Amino acid sequence: MNSVQIQCTRCKTMFRDRAGRLQDGYSRQCPCCEVVLFFADDAQHPFIKRAMRSARQVRKELRAAEAARLAAPQEERAAPRSRSSISRARVQGRTE
Ligand SMILES: [Zn+2]
């Protein structure tokens, strides 16, 4: 999943956009009421803040997954044991 949920600040419609695009300075139109939403790191609106925060989180997870994939030795990638250790690490990360 590399898209994040965005809520329109005007009509409250929920829609999705790619996390890679949702960065400081990005703007896009609501598909419903066509208001232009501006995304900035210092945005004050809670809907925008939430979208920016989830986009950052998704990009971080994508980078971590990519780094893990590149770092993992060939034989460990296929082993089911390594998959369970990855999901354990993910659970620990969430509880912090
Ligand atoms: Zn709208």
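Me: What should I know before starting?
Reply: The model is predicted: local features need pLDDT of at least 70, side-chain atom pairs count only at pLDDT 80 or more, and totals for chains, interfaces and linings use all residues. Residues are numbered from 1 along each chain as its sequence is written, and side-chain values use heavy atoms, leaving out hydrogens and water.

Me: Which protein donors does the zinc ion have?
Reply: Cys8, Cys11, Cys30 and Cys33, each through SG, lying 2.3 Å from the zinc ion. Donors are N, O and S atoms within 2.8 Å of the metal (3.2 Å for Na, K and Ca); water is not among the atoms, so sites may look incomplete.

Me: What spacing do they follow along the chain?
Reply: The donors follow C-x2-C-x18-C-x2-C.

Me: Where do Cys11 and Cys33 lie?
Reply: Cys11 is in the loop between β1 (3-7) and β2 (14-18), and Cys33 in the loop between β3 (26-29) and β4 (36-39), so the pair ties together parts 22 residues apart in sequence. Strands (E, at least two residues) are DSSP runs, numbered from the N terminus.

Me: New topic. Where is Lys12, and what is its phi?
Reply: Lys12 is in the loop between β1 and β2. Its phi is positive, about 70 degrees, although Lys12 is not a glycine.

Me: Why point that out?
Reply: Because most residues other than glycine have a negative phi.

Me: And Glu34, buried or exposed?
Reply: Exposed, at 54% relative accessibility. Buried means under 20% relative accessible area, exposed over 50%, partly exposed in between (1.4 Å probe, protein chains only). Glu34 sits in the loop between β3 and β4, with a positive phi near 65 degrees.

Methods:
Helix = DSSP H or I, 4+ residues; strand = E, 2+ residues; numbered from the N terminus.
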